[in-house]
Amino acid sequence: MASQSTYSEGAELGRFLRARRTQTSPEHVGLTVGAGIRRTPGLRREELATLAGISIDYCVRLERGKETRPSPAVLDSLARALHMDDQEHQHLRELAARAARCVSEPPPAPSGTVRPHLKLVLESLRPNPAYVISRSMDMLAWNTGGLALHAGLEDWPAKHRNLARYLFLHPAARDLFTDWDRQITACVARLRAVAGTAPDAPDLTNLVGELLLKSPDFARLWERYEVNGRKPAQKTFHHPRVGTLTLTSQSMQLEGTPGQRIGVYTAEPGTPDHDAMLLLDMTAPAAVLHREVPHASP
């Protein structure tokens, strides 16, 4: 008998397929829609089953999380039928692989400890704003500009600082970003991609549960189950301390860490953006440059 965790993993696979089906229009996949009212948004199950070459019953079982071992050929057929891009197709494969495994208990949250040499790297990058974040977007360490760039974030306790929480719940975030809607869409897509392959991990479930409860915008985007949000290479900030500045962002995975990433912002020397970045680094209040307590989800 399959365990409850197996069903949980299968349910995540089903949720993703159902979201992609209901958001795929018949016209997008080359189907002609006849007269009459369609009660189902997007594709009907029988339409998807026909396009993918599977039975309607099998399609229903997949979406309800009762079928947890679809073959690679079936996954490829579903991806083609739903016109998934490479990132969505890969996410589908990862969900299916996860569903096929029997997981006895939720995995523990990864360590939030940042190695000492990474803190030195952050300081060496000044005046470029830089920080280290966890897979759930907790800010684990930062240099002066890395914290100050997100106006108002320094007012929150260190253990509460999380970039997703900031985007959706901090009153300053909407004013800071000129493209706030684009930023939150990319943020949710990233969390969806990570949480899809670790749906029971406490660091992710705690954050997602909080944001679903407190932010209607987050709940709306979470329901869409998009995993291919792309952040722009450049971000423009309307910063209350130094004015408007446009910086180029770069995020990199840190090898040998439990999913930690480093984010860095740069500007061409001699430009007004670079001058504003320097001013931000020089005028930011002194602060502890890493979490003062071991990482724990608030």
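The following dialogue explains how to read several features of this predicted model.

Q: On what basis is the model described, and what is its average pLDDT?
A: In this predicted model, local features need pLDDT of at least 70 and side-chain atom pairs count only at pLDDT 80 or more, while totals for chains, interfaces and linings use all residues. Residues are numbered from 1 along each chain as its sequence is written, and side-chain values use heavy atoms, with hydrogens and water left out. The term pLDDT is the predictor's confidence in each residue, from 0 to 100. The protein averages 86, and 87% of the residues score at least 70.

Q: Where does pLDDT stay under 50?
A: Where pLDDT is low, the predicted coordinates should not be read in detail. Here it stays under 50 over residues 1-7 and again over residues 293-298. A contact means heavy atoms within 4.5 Å. Beyond four places in sequence, the model has ten contacts for residues 1-7 and 14 for residues 293-298.

Q: How many helices and strands are there in the protein?
A: Helices (H or I, at least four residues) and strands (E, at least two) are DSSP runs, numbered from the N terminus. The protein has 13 helices and five strands.

Q: Which strands pair with β5?
A: Two strands pair if DSSP finds at least two bridges between them. Strand β1 (residues 130-133) pairs with strand β5 (residues 261-266) in the antiparallel sense over four bridges; tyrosine 131 has glycine 263 as its bridge partner. Strand β4 (residues 243-253) is also antiparallel to β5, over six bridges, and serine 249 is bridged to tyrosine 265.

Q: What is in the largest nonpolar core?
A: In soluble globular proteins, nonpolar side chains tend to be buried together. Buried means under 20% relative accessible area, exposed over 50%, and partly exposed in between (1.4 Å probe, protein chains only). A nonpolar core is a set of buried Ala, Val, Leu, Ile, Met, Phe, Trp, Tyr and Cys residues joined through side-chain atoms within 4.5 Å. The largest one has 45 residues, and Tyr166, Phe168, Leu191, Phe218, Phe237 and Leu247 have the most contacts inside it. Helix α10 (residues 180-196) supplies the largest share of this core, six residues. A second, separate core of 24 residues includes Phe16, Val29, Val74 and Leu92.

Q: Which residues does phenylalanine 168 touch?
A: Leaving aside residues up to four places away in sequence, phenylalanine 168 touches Ile184, Cys187, Val188, Leu211, Ser215, Asp217, Phe218 and Leu221.
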